[in-house]
Amino acid sequence: MNKPNRYSVFSLARHALNYHQDWARAWRNAQPKREYEAVIVGGGGHGLATAYYLARECGVRDVAVLEKGWLGGGNTGRNTTIVRSNYLWDESAALYDHAVKLWEGLSAELNYNVMFSQRGLLHLAHNVHDMQEIGRRGCAIYANGIDSELLTPAQVKTMVPFINLDGRQPVLGALLQRRGGTARHDAVAWGYARAADALGVDIIQNCEVTGFGIDANRVTGVQTNRGFIGARKVGCVVAGHCSVLADMAGFRLPIESTPLQALVSEPLKPVLDCVVMSGTVHAYISQSDKGELVIGAGSDAYNSYSQRGGFDSIEHALCAVLELYPIFSRLKMLRQWAGIVDVTVDRSPLITATPVRNLFFNCGWGTGGFKATPGSGHVFAHCIARGEMHPLAAPFSIERFNRGALIDEGAAAAVAH
Amino acid sequence: MLLIKCPWCGTRDMSEFSYHGEAHLLRPPAPAEVDDAQWGAYLFARKNPKGLHRERWMHAHGCRRWFNVLRDTRDDRIYATYRPGDSPPDVDAGDDNGENNGDNNPGNPT
Ligand SMILES: Cc1cc2nc3c(=O)[nH]c(=O)nc-3n(C[C@H](O)[C@H](O)[C@H](O)COP(=O)(O)OP(=O)(O)OC[C@H]3O[C@@H](n4cnc5c(N)ncnc54)[C@H](O)[C@@H]3O)c2cc1C
Ligand SMILES: [Zn+2]
């Protein structure tokens, strides 16, 4: 097992005396073994969290995480980092709030500062229909024991003094979740990687899965660009590429992949201390600790793996941002990028067994899975270790598409993240 | 942003069109006779290929007719558009035959 530095104020001071020359690696550069008890495909936050909880809570330490690129190089490192649990249905509320509760202790648990900041999250309403939607959802959330408050436009203005309440789509109210906020996305991947590594998990980058070993309908391992790696159990957590992996294993998923873009402005002095999202005009915005405004655009209308995104989506998002916040009109945008998101029709994830025994998939988080990272990894680890679904994960099985028991979070998730 | 050639009106900006997903899906001829899994697969399961994709578009702000597009989802290049009822043209998109979902493209995404 790896013996990591324990991070603290004292270790920081001690290393400062050394000009920070001898910090240990945060995780080993592991070489693949011939065989593992469990292989996790995909080194994003969800895959790394799964490996961590497998080792930490399920006693399964003979685990490898295989990542085709670099850790967090997928959607984990590309998202707008919004965390919340204000979903309509009981199943989603339970799953997402499980995650928020884990977020609340995560930096201490991992000994890694994931910069989770519960700065509050506003969801704006612009018309009668929106008001009814946040009213209904707000009460459902509250009834599920999750904090949720309805605000008047005047209360919104106190939180965001420079907002334009009287645009073409006036602000009529908002739903506030005070426990919502943001976290540092890279740190989540690195923190889980370091903690999993310390428990014996092999983290292997530049290792792309290109096929599965399947014998008598049971998975036996994965084919990779670094040879065959045997595994008794395999968990696929590859977000936008889940259909590609499902195809390798011989089945299809109820998922389509599209580009989703985000962009950041030049850094500003602190101006916005909460997250504000609007589904109706499609704008969501927050300010990072570096001072950049972080703005999310909509996803492109068509399937694509191009990881580029259409310019029209950005233009649309910025029009909405300027209508709501005219003071940003002369800001320059610094960077723009896209991730490939895996979208289901009901905007809820798939945490599921598959037609191949011992092969599990965790995907379909689409435009909004960053917030779920700890909870998703936690329940998925239990599914893999026990071979049966964790109670919080059970409703999210692929079976729901055959039974018609969809968990429709369109309003809570379709445009907001 | 894509430029799309409507088979009736010619080449127009993508903003004139609406997208409607995978083309050539066959509704089971006798719905009452298929089981839940087959019906679920018809409604929801999709190829979602990384490679050639046959898909439906509609010229929403033009002639409002439906047609099919053959596009490579790796780089969004459109190889052909064709009318409903016509069969998709054969194209050579390099290393992908359109049925294979596998990631045959070793290069990094652009
Ligand atoms: C622009 C944008 C904004 C977003 N904003 C938010 C937000 O504010 N809040 C929120 O909750 N969510 C948001 N999301 C969604 C969120 O980012 C994702 O749902 C979440 O990060 C998914 O995590 P993951 O670990 O499952 O996937 P990823 O981080 O994508 O990890 C999957 C990994 O699998 C690897 N992989 C793929 N194929 C293979 C293979 N064959 N072999 C080996 N490895 C492979 C990939 O390289 C990748 O690193 C946003 C997404 C985007 C793109
Ligand atoms: Zn036309």
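Predicted model: local features only at pLDDT ≥ 70, side-chain atom pairs only at ≥ 80, totals over all residues.
1. Which residues of α5(A) are buried? They are A:D130, A:I134, A:R137, A:G138 and A:I141. Viewed down the axis of α5(A), these buried residues fall within an arc of 110°, and therefore they line one face of the helix. An α-helix has 3.6 residues a turn, so residues three or four places apart point the same way. The other side of α5(A) carries exposed residues, namely A:V128, A:H129, A:Q132, A:R136, A:C139 and A:A143.

2. Helix α9(A) can be examined in the same manner. Its 14 residues should span 20 Å at 1.5 Å a residue, and the end C-alpha atoms of α9(A) are 20 Å apart, which agrees. The buried residues of α9(A) are A:S313, A:A317, A:A320, A:V321 and A:L324. Seen down the axis, they fall within an arc of 100°, so the buried residues of α9(A) line one face of the helix. On the face turned away from this buried side, A:F311 and A:E315 are exposed. The cover over the buried residues of α9(A) includes the strands β12, β13 (275–278), β14 (283–287) and β15 (293–299) of chain A.

3. Chain A is divided into domain 1 (30–85 + 87–112 + 185–255 + 346–413) and domain 2 (121–177 + 257–334). The centres of the two domains of chain A, taken over C-alpha atoms, are separated by 28 Å. To their contact, domain 1 of chain A gives 15 residues and domain 2 of chain A gives 18 residues. On the domain 1 side, α3 (90–104) and α12 (410–413) of chain A each supply at least two residues. The largest share of that side, 3 residues, comes from α3(A). By class, the side of domain 1 of chain A that touches domain 2 has 6 nonpolar, 5 polar and 4 charged residues.

4. How many residues surround ligand 1? The shell holds 40 residues, of which the closest are A:G42, A:G44, A:G74, A:G339 and A:G369. In chain A, α2 (45–57), β12 and β16 (333–343) each supply at least two residues of this shell. Domain 1 and domain 2 of chain A each contribute at least three residues to the shell around ligand 1. Its residues divide into 13 nonpolar, 22 polar and 5 charged.

5. The interface between the chains involves 25 residues of chain A, in contact with 24 residues of chain B. On the side of chain A that touches chain B, α8 (242–249), β12 (256–265), α9 (311–324) and α11 (400–403) of chain A each supply at least two residues. The largest share of that side, 4 residues, comes from α8(A). The residues of the side of chain A that touches chain B comprise 11 nonpolar, 8 polar and 6 charged.

Technical notes:
Residues numbered from 1 in each chain as written. Chains lettered and ligands numbered in written order. Contact = placed C-beta atoms within 7 Å. Nonpolar A, V, L, I, M, F, W, Y, C, P; charged D, E, K, R; others polar. Near = placed C-beta within 6 Å. Domains from an automatic or database assignment. Buried ≥ 20, exposed ≤ 12 C-beta atoms within 10 Å, placed from the backbone. Arc of directions from axis to C-beta. Expected span 1.5 Å × (residues − 1).
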